[in-house]
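Visitor: I have a model open and would like to learn how to read it. Please take me through a few features.

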Amino acid sequence: MVEHRWAHKHLLSIADLSVEDLETVLAKADANFDEARKRPKKGDALRGRTVINVFFESSTRTRSSFEVAGKRLGADVVNISVSTSSVSKGETLLDTVKNLEVMRADAMVIRHQASGAPNFVAAHTRASILNAGDGMHEHPTQALLDALTIRRHFGTLSGLTVAICGDIVHSRVARSNAILLGKTGSKVRLCGPKTMMPREAQELGATTSVHTNLDEAVDGADVVMMLRIQNERVYGPVMASTREYSRTFGLNTRRLEGAKPGAIVMHPGPINRGVELDTRLADGARSVVLEQVEAGVAVRMAALDLCIAANKEIAVS
Ligand code: CP
C-alpha cells in the first residue's frame with residue numbers, strides 16, 4: 001500500500017483535512033502516545049527548529065501541551081502571551097508575526113479571539129501556522145486529540161454515536177469535532193438550549209442531528225462530550241440562571257444511565273464543575289478527561305512534525 005503523503009504546511013482547520021490526512025496524523029499520534037507511556041524521552045526530529053506559541057487568549061492545556069510536544073521533539077520553544085508582549089501597546093497581529101518570522105520561527109502556534117486569524121497569518125508568513133483555537137471557528141488539535149482518545153477506547157471512529165452537549169454556538173471544539181466525526185462516519189448529536197445552538201447546526205458535519213433535550217441526546221450514545229458555557233464570547237442573556245442550566249443541561253450519574261453501558265464521558269476543559277458536569281462524573285471511572293490531555297501532547301507532536309516537514313518539502317521543491 002502506498003503511504004499517504006501529508007501535504008499541509010499549516011494546520012488551520014479539520015475541514016481542510018481528508019480522511020487519509022486524519023488517519024496519517026492519528027496513526028503518528030497513537031505511536032507517540034504509546035512511546036510516551038513506555039519511556040517519555042526527548043527526541044531530535046525537530047532539533048534546530050524553533051516553535052513559537054503566540055496566545056492572544058488564555059490557555060492551560062493547549063499552550064503547555066504544544067510546549068511539551070515541541071520540546072519532546074527537540075525543538076526550541078518560545079511562549080508569547082498578549083499581556084506581556086507589545087500587543088498590549090497596540091502592535092497588530094501581522095506585525096507581531098512578521099517580527100517573529102525574521103527570528104526564523106519554523107512554526108507558530110496561534111490562538112486568537114477572531115475567527116480566521118490563523119488563516120490570515122498563514123497567508124503572510126513562510127512559517128507553518130497551527131491553529132490553537134480561533135474564535136468560534138475551529139480548534140483542530142482539540143478535535144484530533146478527542147478523536148485519538150475515542151479511537152483508543154473503541155478501536156474505531158466509525159459507527160459510533162457521539163453526543164456533544166452544551167454551548168454549541170460559541171464552541172470551536174463542537175465545530176471541529178462535528179466535522180471530524182462526520183468525515184469518519186460516526187453520528188453526531190449536538191445538544192443544547194436553543195439560545196446556544198447555531199442556526200446552521202444541522203449542516204455541521206455530514207451526520208449531525210440537533211437536540212434540545214439532554215436525555216434524548218444521551219440515549220444510547222457511546223460518547224458524551226460536555227462543553228462549558230463560553231462566557232468570554234456570550235453577549236446578552238442565554239439562560240435564566242446557572243442553576244436552571246445545570247438542572248436542564250448538566251450531566252449527572254442518573255442522566256448518563258441512558259447512554260450505552262461502556263460509554264465514556266469527555267470534556268475539553270476547563271470544566272465548570274457542577275454546572276455542565278457533575279464532579280463525581282468528572283472524576284469517575286467513565287471519565288477520560290485526563291486521557292484527553294495526555295493525547296493532546298501526542299497529537300501536537302504529530303501535527304508539528306508533519307507540518308514542519310511539509311513546509312520544508314515545499315520550500316525545496
Ligand atoms: N481545551 C482547551 O483548549 O483548553 P485550554 O483553553 O486550557 O487550552
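Visitor: In which loop does Pro 270 lie?

Guide: Pro 270 lies in the loop between β9 (264-266) and α10 (279-282). Helices (H or I, at least four residues) and strands (E, at least two) are DSSP runs, numbered from the N terminus. This is a predicted model: local features need pLDDT of at least 70, side-chain atom pairs count only at pLDDT 80 or more, and totals for chains, interfaces and linings use all residues. Residues are numbered from 1 along each chain as its sequence is written, and side-chain values use heavy atoms, leaving out hydrogens and water.

Visitor: What kind of peptide bond joins Gly 269 and Pro 270?

Guide: Start with the general idea. Most residues other than glycine have a negative phi, and most peptide bonds are trans. Now the case here. The bond joining Gly 269 and Pro 270 is cis, with omega about -5°.

Visitor: What is phi of Arg 104?

Guide: Phi of Arg 104 is near 70°, a positive value in a residue other than glycine. Arg 104 sits in the loop between α3 (93-101) and β3 (107-112).

Visitor: Which residues surround the ligand?

Guide: A residue is near a molecule if one of its heavy atoms lies within 4 Å of it. Here Ser 59, Thr 60, Arg 61, Thr 62, Arg 111, His 139, Gln 142, Pro 268 and Gly 269 surround the ligand.

Visitor: Which atom of the ligand does the side chain of Gln 142 lie 3.0 Å from?

Guide: A polar contact is a pair of N or O atoms within 3.5 Å; within protein, one must be able to donate a hydrogen and the other to accept it, and residues adjacent in sequence count only if both atoms are side-chain atoms. For Gln 142, a polar side-chain atom lies 3.0 Å from a nitrogen atom of the ligand. Ser 59 places a side-chain N or O atom 2.6 Å from a ligand oxygen atom. Thr 60 uses a backbone N or O atom, 2.8 Å from an oxygen atom of the ligand.

Visitor: At what angle do helix α5 and helix α6 cross?

Guide: Axes are lines fitted to C-alpha atoms, for helices over the stretch in contact, and angles run from 0 to 180 degrees between N-to-C directions. The axes of α5 (residues 140-154) and α6 (residues 172-184) come within 8 Å and cross at roughly 55°. That makes α5 oblique to α6. Angles under 35 degrees count as roughly parallel, over 145 as roughly antiparallel, 65 to 115 as roughly perpendicular and the rest as oblique.

Visitor: Which residues of α5 meet α11?

Guide: Contact means heavy atoms within 4.5 Å. Thr 141, Gln 142, Leu 144, Leu 145, Asp 146, Leu 148, Thr 149 and His 153 in α5 meet α11. Their partners in α11 include Glu 291, Ala 295 and Arg 300. α5 and α11 (residues 289-316) pack at about 115°, their axes 8 Å apart.

Visitor: How do the axes of α2 and α11 cross?

Guide: The axes of α2 (residues 61-72) and α11 cross at roughly 55° and come within 8 Å. α2 is therefore oblique to α11. On the α2 side, the residues meeting α11 include Arg 61, Thr 62 and Phe 66. Arg 61 and Thr 62 are also among the residues surrounding the ligand.
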